[in-house]
Amino acid sequence: MPNQQDIRRIAAAFCPETEPVGIRELTSGNVNATYRLDYDPQDRGRSLVLQRINTEAFRNPEALMENIRLVTGHIRAALAAAFLPAADGSLLHREPDGGCWRCYRFVDGVTAYDRIESPAQFCEAGRGFGAFQTMLADFPADRLTETIPFFHDTPRRYGTFRAAVAEDAAGRASSLAADIAFFDSRAARMRGIVDRLASGELPLRVTHNDTKLSNILLDETTGAFVCVIDLDTVMPGSSLYDFGDSIRTGACTAAEDEPDAERVDFRADMFRAYAEGFVEGTAGALTDREIAMLPDGAYIITLEQAIRFLTDYLEGDVYYHTAYADHNLVRTRTQIRMLMGMERDEVIL
């Protein structure tokens, strides 16, 4: 974990002419380490976001940044100004220990929500992520590098899960019989998106692949969509991935790691609000088949994330940041409660 002196030294690689007067860690993310740097108001008064890329999760950070450069450049050249390049002109700064850092300009007057407060607000978030699809509808998705291979290959994730059950590296499988059975009984549903992408029934698109609510910024005053952030997982994929991950987080009655399962349920009204905004935001870019399969996207991506949480729990919590011993298990069971609510309300068709 870098200390304040380390952060100041690394910040100088991007902004050598001055030093930050304030440094604060931003802890909402689960993968990368993120810091807000505030500078003297007399010295341009700017704030920056300095981030260490988790190179265990993202093994090719150069390709990751090239994906982001291509996508933001296609949407609007001005978006490239969101990055502050290092002094050598690179978008990345590497430390002698192998640490890989990047720097963004901090956006004022906006808010990223961990939980949406109303259907209207969720509708606006859907409109924003839908607009992201529209802006990239004519970008050739196959130009992008798959920075995390098979990221949303749900059947493959299930295979990894079954291998983790068999290996039982952390000695936890014996207490998880009901959870394991839940996933085994739904294995056939996991092929719904990947098979249709392979056949061409669903088009290959540029997708964000991590459309949790904290990755969209809304204007603090008007509540309107401003921009999408955290493009690390921008890759080729299906629009259903992006739709599904938003529903997974935003149509839940509780936080992703709510320990009281009785407080967790699926909200059909939130699903409908987001779907309305998302389809409107895509402005006709989606095919009829994609629109018809939006409920499948919500179900399959929630199922996939549940599998990923339990896989990490079985492997000893090696991927996601955890705050306590059973954190990933709590996350898993929250997703399972969501899936049960979707099944009850017949979201999966």
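## A tour of the predicted model

Begin by selecting Asp-265, which counts as partly exposed because its relative accessibility is 26%; the word covers values between buried, under 20% relative accessible area, and exposed, over 50%, found with a 1.4 Å probe on protein chains only. Before going on, note that this is a predicted model, in which local features need pLDDT of at least 70 and side-chain atom pairs count only at pLDDT 80 or more, while totals for chains, interfaces and linings use all residues. Residues are numbered from 1 along each chain as its sequence is written, and side-chain values use heavy atoms, with hydrogens and water left out.

**Stop 1: salt bridges**

The term stands for a side-chain nitrogen of Lys or Arg within 4 Å of a carboxyl oxygen of Asp or Glu. Asp-265 sits in the loop between helix H7 (239-250) and helix H8 (268-282), whereas Arg-344 belongs to helix H11, so the pair ties together parts that are 79 residues apart in sequence. Helices here are DSSP runs of H or I with at least four residues, strands are runs of E with at least two, and both are numbered from the N terminus. Arg-344 counts as partly exposed because its relative accessibility is 48%. Select Asp-6, Arg-9 and Glu-95 next, and you will have a network held together by salt bridges that share partners.

Now select Arg-8 and Glu-19, whose side chains meet in a salt bridge of 3.7 Å, N to O. This pair links distant parts of the chain, eleven residues apart, with Arg-8 in helix H1 (residues 4-14) and Glu-19 in the loop between H1 and S1.

**Stop 2**

Select residues 22-26, which make up strand S1, together with residues 33-38, strand S2, and follow how they pair in the antiparallel sense over five bridges; two strands pair if DSSP finds at least two bridges between them. Within this pairing, Arg-24 stands opposite Arg-36 in S2.

**Stop 3: an open sheet and its helix**

Which strands form the open sheet, and in what order? The sheet has three strands in the order S6-S8-S9, with antiparallel pairing. Its edge strands, each pairing on one side only, are S6 (110-111) and S9 (225-228). Strand S8 (residues 216-219) is joined to S9 by three bridges, and Leu-217 has Cys-227 in S9 as its bridge partner. Helix H3 (residues 119-135) packs on the sheet, touching S8 and S9, and its direction makes about 50° with that of S9; such angles run from 0 to 180 degrees between N-to-C directions, with axes being lines fitted to C-alpha atoms, for helices over the stretch in contact.

In the loop between S8 and S9, select Gly-223, which counts as partly exposed because its relative accessibility is 29%. Leaving out residues up to four places away in sequence, Gly-223 touches Glu-124 and Leu-218, where contact means heavy atoms within 4.5 Å.

**Stop 4: helices H5 and H10**

Turn to helix H5 (residues 177-184) and H10, whose axes come within 11 Å and cross at roughly 145°. Select Asp-179, Phe-182 and Phe-183 in H5, and you will find that they meet Leu-303, Ala-306, Ile-307 and Leu-310 in H10.

**Last stop: Asp-326**

Finish at Asp-326, in the loop between helix H10 (294-315) and helix H11 (327-344), which counts as partly exposed because its relative accessibility is 35%. If you also select Ile-7, 319 residues apart from Asp-326 along the chain, the two C-alpha atoms are separated by 31 Å.
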